[in-house]
Amino acid sequence: MNELLAEMSELASSEQLWLPGETIIVAVSGGPDSTALLHMLHRLAPSEGLTLIAAHVNHGFRGGESDQEEQSVKKFAAELGLQCESVYIDMPAYIEETKMNSQAASRKRRYAFLHEVARKHGASRIALAHHADDQAETVLMRILRGTSPGGLAGIPIKRSEKNVELIRPLLRTYKADILHYCNQWGLAYSQDSSNGKRTYVRNAIRLDALPYLAQFNPQLSDALVRLSELAASEDDWMERETQAAFKRCIMIGREGCQMTRKALLELHVALQRRLIKLILNHVGMETATISFDSVETIRQAVSDRASTTWSYDAGSGVKFVREYESLHFIRADWTSGGKQAEAEYSYMVTESMELLEMPLAHAQLRLDMMLPPGEDKPVDRRESWFDADLIHWPLTVRNRRPGDRMQVLGLNGTKKVQDMFVDDRIAPSQRNKLPLLVDAEDCILWIPGVRRSRFAQVTGQTKRILRIRVNFRDEW
């Protein structure tokens with residue numbers, strides 16, 4: 001086993017790129033990188049117990065040249081005694097139809113085919129021939145375009161996609177070593193003429209930018225690859241911390257995700273940004289569509305200087321809502337019609353009733369008649385006592401209506417219910433759910449948890465007390 005093969009075997013072991021006995025689909029374009037990859041894996045297969053399937057996509061971009069590459073790949077696989085799956089895709093026609101970028105369209109169709117072959121053969125891995133020079137180019141491209149620390153990690157050595165692991169055994173091997181390997185073993189390979197076209201950004205980076213910058217650092221590619229490895233390790237650690245924070249701080253409900261403002265502010269700013277991004281992804285946003293500006297807008301909205309009630313459309317139908325100390329991330333299917341509009345509700349309360357279920361208020365009401373108990377009082381603001389003989393029956397429990405006002409106990413005149421909700425920091429999303437107890441003349445007697453009116457007060461002359469308690473059900 002030569003040095004390059006030994007390095008691949010050691011890398012595969014340390015990174016767990018495969019397990020003995022697995023089937024691996026090897027993507028082979030016909031160029032030197034994928035040709036060397038297939039040959040090296042073929043040499044390792046007996047000792048590792050691997051089953052290899054070569055897979056090739058003829059994109060139809062270069063006419064006869066593309067057809068020749070396909071035949072060369074099939075011939076090489078046959079010489080190694082391996083099965084080869086290939087497909088012809090008229091990419092120019094597909095691009096014309098979809099109006100997609102040529103590279104993005106090619107990648108989409110190529111990966112779809114590789115996954116199809118993996119399903120057909122029951123393979124758990126797809127091996128790709130990206131190498132260290134590709135990594136250096138990717139990192140530099142991302143730096144030039146603007147990227148996050150996670151983006152500096154570049155191409156991952158492995159990642160899961162559609163229940164299959166994409167692996168890159170050559171990611172720490174340089175192009176020069178790959179070409180040397182091909183020459184050493186006399187491996188024939190194709191040269192893609194499009195690799196010299198500077199109309200593709202990656203080609204311009206490889207042919208112009210990297211050589212120019214290497215004047216200032218001859219080891220630039222090594223430095224970029226080293227940067228990617230350091231960033232990947234730190235990104236992995238940060239991702240683990242973010243996942244832990246998600247489990248610790250987030251409540252998941254029907255609408256999406258909820259957390260307290262305090263929980264987010266206690267995190268380091270770097271973890272705040274990652275957690276917001278993870279939550280947005282959880283409630284339905286594609287990672288690629290989550291912009292830094294969106295994340296930062298949400299983060300700033302949580303600060304002490306920001307408005308205490310605020311909403312923001314983050315994109316893709318996802319909505320962020322701050323309600324005082326609560327933060328809500330509402331999923332796209334909920335905002336786009338999954339949630340019915342808050343309905344008006346009204347429940348009648350008769351003098352003989354003991355229990356009233358109020359599903360639209362997410363609460364229940366318990367009522368009982370009792371004799372005056374001396375010095376006792378309601379235990380908290382979710383309980384209220386009334387002189388039963390001064391009440392205008394029947395009572396009604398309903399949600400608020402436009403223009404509602406209440407004669408509050410201890411105040412002169414009346415006060416708007418809306419103003420009381422604001423004063424008591426009742427979250428806007430809860431204001432239409434909160435029950436109001438009104439009498440037969442539609443006078444508001446009590447808003448549980450908020451205020452009581454001056455009507456039907458218990459005094460020394462009271463003969464019967466109506467005790468009412470509300471219990472709210474926690475939606476989360």
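The following legends describe close-up views of a predicted model.

Local features are reported where pLDDT is at least 70 and side-chain atom pairs at pLDDT 80 or more, whereas totals for chains, interfaces and linings use all residues. Residues are numbered from 1 along each chain as its sequence is written, and side-chain values use heavy atoms, without hydrogens and water.

**View 1. Helices α6 and α9 cross at roughly 80°.** Helices (H or I, at least four residues) and strands (E, at least two) are DSSP runs, numbered from the N terminus. The axes of α6 (residues 132-145) and α9 (residues 220-249) come within 8 Å; axes are lines fitted to C-alpha atoms, for helices over the stretch in contact, with angles from 0 to 180 degrees between N-to-C directions. Residues in contact (heavy atoms within 4.5 Å) include V139, L140 and I143 in α6 and L224, V225 and L227 in α9.

**View 2. W18 and V26 lie in the largest nonpolar core.** A nonpolar core is a set of buried Ala, Val, Leu, Ile, Met, Phe, Trp, Tyr and Cys residues joined through side-chain atoms within 4.5 Å. Buried means under 20% relative accessible area, exposed over 50%, and partly exposed in between (1.4 Å probe, protein chains only). Of the 36 residues in this core, W18 and V26 touch the most other members. Among the elements giving two or more residues to the core are α1 (3-15), β1 (23-27) and α2 (32-48); α2 gives the most, with seven residues. Apart from neighbours within four places in sequence, V26 is in contact with residues including L37, L41, I53 and A127.

**View 3. Strand β20 pairs with β19 and with β21.** Two strands pair if DSSP finds at least two bridges between them. Strands β19 (residues 436-438) and β20 (residues 444-447) run antiparallel, joined by two bridges, and V438 stands opposite I444. Five residues separate these strands in their hairpin, where D442 takes a positive phi near 65°. Two bridges also join β20 to the antiparallel strand β21 (residues 451-452). Three residues lie between β20 and β21, and G449 in this turn has a positive phi of about 80°.

**View 4. L409 occupies the loop between β17 (405-406) and β18 (415-416).** L409 counts as partly exposed because its relative accessibility is 40%. The C-alpha atoms of L409 and R451 are separated by 7.8 Å, although these residues are 42 residues apart along the chain. Leaving aside neighbours within four places in sequence, L409 is in contact with R452, S453, R454 and Q457.
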